[in-house]
Amino acid sequence: MSVLIQDPVPRAKARLVGRDVIHRWEGNPIIQLEDIPFRCNTVFNAAAVKFHDQYLLLVRVEDQQGRSIFALAWSEDGYRFVVDPEPVMTPTDEEPFATYEACGIEDPRITFMDGMYYVMYTAYSHHGPRLALARTDDFKTFERIALISEPVNKDGALFPKKINGRYARFDRPNVGSTGNIWISYSDDLINWGASEVVMTTRPDHWDCARIGASAPPIETERGWLEIYHGVKEAAAGPIYRLGAVMLDLENPARVLGRAAIPILTPREYYERVGDIGNVVFSCGAILEEQTREVKMYYGAADTCICVGTAKLDALIKRCFEQEDSV
Ligand code: BMA
């Protein structure tokens, strides 16, 4: 018989061990398969934005054929969502996009800039994943702008303002089975270049195998706050966690501080068990300007969508903390 189970004090203490700076909403998951009004396999990573006083998620749903498509989910409070009856964006028949979206469209990130909502997503085909960009101002029709990277590239996230006169984005080109976060610049959102690496995987850390941008960067007085995902390969498969990094406002390729430990790690049942277990993966976060609280939306185990919150200042602080101080 376990002493721990009989004694409430050590159990209470145990709850504090390895706690995350992101606080999970008690009603998680917020969207599951049962909440999707049309037939599909699974639901996961969603972009998040505020639109006309509503919280809006652009949700990645895998259809029954196995391709990913996007659907919209609406909420008054950021916690209780209703999913539209039909998908809003599916792989197109129009070239040049059709060839590269044949296996689906994945992991959207929405950035609001100059009155327009930009959706950067992964176009997936037998040629490998590459980045594509679309835009909308009403979330009814989406105009595809361009395919903006070669394969193999994922995790594109557009900055919400120009940097030194140019548009900027993160992306994650793959090198074999590893990959780091890069930045590229553009004058027209179509042609991208001046690429440089921003940060790399860390040996012996939770983010040692691959890293990629998650939510689009959030501007703060200390720099660009980027929530990113890091992967560690374990014997039973990869473990996806979320981390935070602070980047220079004028030159986001300069890392000012990188949290030593994750801000969210799979612990709950719905994060550990699903199509791909041990995954927390974010594509969107909303900063509540008045309360300085961040609502972070994340896919859990590639099977449902969850929300967690953190004070912006706690996330900023975490970027500058080292292992032994947290
Ligand atoms: C990544 C992407 C994500 C997914 C994650 C975990 O490569 O495909 O959409 O959530 O893997 O499976």
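Hi everyone, let's begin with two strands: S1 and S22, the latter covering residues 304-311, pair in the antiparallel sense over 2 bridges. Strands here are DSSP runs of E with at least two residues, helices are runs of H or I with at least four, and both are numbered from the N terminus. Two strands count as paired if DSSP finds at least two bridges between them.

A quick word on the source: this is a predicted model, where local features need pLDDT of at least 70 and side-chain atom pairs count only at pLDDT 80 or more, while totals for chains, interfaces and linings use all residues. Residues are numbered from 1 along each chain as its sequence is written, and side-chain values use heavy atoms, leaving out hydrogens and water.

Back to our pair: Arg-24 stands opposite Gly-308 in S22. The whole open sheet has 4 strands, in the order S1-S22-S21-S20, with antiparallel pairing. Which strands stand at the edges? They are S1 (23-24) and S20 (280-288), each with a single partner strand, so one side of each has no neighbour in the sheet.

Now have a look at Asp-275, in the loop between helix H4 (269-272) and S20. Is Asp-275 buried or exposed? Its relative accessibility is 51%, so Asp-275 counts as exposed; the cut-offs are under 20% for buried and over 50% for exposed, with partly exposed in between, using a 1.4 Å probe and protein chains only. Leaving aside residues up to four places away in sequence, Asp-275 touches Thr-42, Ala-301, Asp-302 and Thr-303, where contact means heavy atoms within 4.5 Å.
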